[in-house]
Amino acid sequence: MINLDAFFFVIAGISPKVKVLDEKPRRCPVCGLHQAYYKRVDHYLSVFFIPILKVKTGEPVIICARCERTVSESGSAPAAPVQGEARGCRFCSKDLPSDYTFCPHCGRRL
Ligand SMILES: [Zn+2]
Ligand SMILES: [Zn+2]
């Protein structure tokens, strides 16, 4: 008797497929070489080893080709400046983004 579950597993299965999102190498903070690439690992339902249906879209990650470490985008690049440098209201001293013209707490013009 044929075990259908095992048979199905052989012809169809979920397999990962690595997609390179950006060919431009980035610096790997672990080994210091520009061999880290922006990639995404998607999971496909494969039948006879042919991916036919994308079942899961992976998170974009930077993976070093040399040490195979996953590098976080902010790991090597300088941290992005905090948008709208916080500034306190000079009337009620509540924290506000600097692009506010009026304080939403006390309603005064800044
Ligand atoms: Zn590396
Ligand atoms: Zn205020």
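A residue is taken as buried if 20 or more other C-beta atoms lie within 10 Å of its own, as exposed if 12 or fewer do, and as partly exposed in between, with C-beta atoms placed from the backbone. Helices (H or I, at least four residues) and strands (E, at least two) are DSSP runs numbered from the N terminus. The structure is a predicted model, in which local features need pLDDT of at least 70 and side-chain atom pairs count only at pLDDT 80 or more, while totals for chains, interfaces and linings use all residues. Residues are numbered from 1 along each chain as its sequence is written.

The predictor's confidence in each residue, pLDDT, runs from 0 to 100. Its average over the chain is 81, and 78% of the residues score at least 70. Strand S2 (residues 36-47) has the highest mean, 92, and helix H2 (residues 73-76) the lowest, 52.

The chain contains two helices and seven strands, in the order α-β-β-β-β-β-α-β-β from the N terminus. Of its 110 residues, 5% count as buried.

S3 is antiparallel to S2, and five bridges link the two; strands pair if DSSP finds at least two bridges between them. Val-47 lies opposite Ile-50 in S3. The two strands form a hairpin with two residues between them, and Phe-48 in the turn has a positive phi of about 55°.

Definitions and conventions
Chains lettered and ligands numbered in written order.
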